[in-house]
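This report describes a single protein chain, one element at a time. The chain is shown first, and the description follows.

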Amino acid sequence: MLHRGQESTDGAGGGELAVPMAWFYAEYIAEELLRTGDLMPPTSFEFRAGRDALALTIFLSDAGGELSGIRVVTQLETWLSLTAYDQPWQDWVCERLADFTAEAMESGGPSPDLELAASTWRWLEETELLAPDLDAVPGGGAVLGEDDGPKVWTPAWRLGLPLGHLAIHLF
């Protein structure tokens, strides 16, 4: 798949187009983890939020492009700790994106992988989804079903991150 007419990153500049393979691989791993967990329909915005949050975690935790099929299983614990409820995931993502951007600028400009990661982060931050209010204090009348409880608009990453974390556990 070609990406926005970017020249190859091999420095030859021979008109070849760069393919964001690291990002696509992180997205593939995230999607497979979520599909295996069978938590949401793959066509839902919730699934997309989970896949994107998990793909961002996978991509940004990769040290020096070392992510390979064999190492995926060894990285599950790392991804679990990064996506845990009590971790400052949002701050970590911003710091890692800034680090990756600084490194890319030193080596000639952002890669297509980094551009897709940054675009994904913008979507996760700017898109709000209507979700159950997990911080609501139960009280008053009985809630008949999960759709009857209080709902709030929340950034997509706040919904996707716990889905990604749960998908890793279920794997």
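In α5, the buried residues are P112, D113, L114, E115, L116, A117, T120, W121, W123 and L124. Buried stands for under 20% relative accessible area, exposed for over 50%, and partly exposed for what lies in between, with a 1.4 Å probe and protein chains only. Helices (H or I, at least four residues) and strands (E, at least two) are DSSP runs, numbered from the N terminus.

The model is a predicted one: local features need pLDDT of at least 70, side-chain atom pairs count only at pLDDT 80 or more, and totals for chains, interfaces and linings use all residues. Residues are numbered from 1 along each chain as its sequence is written, and side-chain values use heavy atoms, with hydrogens and water left out.

The buried residues of α5 pack against α1, α2, α4, β2 (151–155) and α6 (156–170). One of the buried residues of α5 is W121. Apart from neighbours within four places in sequence, W121 is in contact (heavy atoms within 4.5 Å) with L56, W89, Q90, V93, C94, L97 and W157.

A nonpolar core is a set of buried Ala, Val, Leu, Ile, Met, Phe, Trp, Tyr and Cys residues joined through side-chain atoms within 4.5 Å. The largest such core has 37 residues, of which L56, L60, W79, W89, V93, W121 and L124 touch the most other members. At least two residues of this core come from each of α1, α2, α3 (71–83), α4, α5, β1 (128–132) and α6. The largest share, eight residues, is supplied by α2.

## Helix α4

Helix α4 has a buried side made up of W89, W92, V93, L97, F100 and A104. These residues lie on the same side of α4 because they cover an arc of only 130° around the axis, the arc being that of the directions from the helix axis to the C-beta atoms. An α-helix has 3.6 residues a turn, so residues three or four places apart point the same way. The exposed residues E95, M105 and E106 sit on the face of α4 turned away from its buried side. After α4 comes G108, with a positive phi near 115°.

| Helix | Residues | Number of residues | End-to-end C-alpha distance | Expected span |
|---|---|---|---|---|
| α5 | 112–126 | 15 residues | 21 Å | 21 Å |

## Residues of helix α2

Which residues does G50 touch, leaving aside its neighbours within four places in sequence? The contacts of G50 are L34, G160, L163 and G164. G50 is found in helix α2 and is buried, because its relative accessible area is 0%. The C-alpha atoms of G50 and H165 are 8.6 Å apart in space, while the two residues are 115 residues apart in sequence.

R51 also has its place in helix α2. With a relative accessible area of 17%, R51 counts as buried. The side chains of R51 and D52 are joined by a polar contact of 3.0 Å. A polar contact is a pair of N or O atoms within 3.5 Å; within protein, one must be able to donate a hydrogen and the other to accept it, and residues adjacent in sequence count only if both atoms are side-chain atoms. Not counting residues up to four places away in sequence, R51 touches E27, A30, E31 and L34.

S61 lies in helix α2, and its relative accessibility of 19% makes S61 buried. A polar contact of 3.0 Å links the side chain of S61 with the side chain of W79. Not counting residues up to four places away in sequence, S61 touches W79, L82 and W92.

D38 is found in the loop between α1 (21–37) and α2 (45–61). Is D38 buried or exposed? D38 is exposed, because its relative accessible area is 64%. Its phi is near 50°, a positive value in a residue other than glycine.

## The chain as a whole

Six helices and two strands make up the secondary structure of the chain, in the order α-α-α-α-α-β-β-α from the N terminus on. The chain has 171 residues, and 40% of them count as buried. Among contacts in the chain with a separation of 6 or more, 69% are between residues 24 or more positions apart. The chain exposes about 10,000 Å², and carbon and sulfur atoms supply 55% of this area. Accessible areas come from the Shrake-Rupley method with a 1.4 Å probe; for residues, only the protein chains shown count as cover.

How values were computed. Expected span 1.5 Å × (residues − 1).
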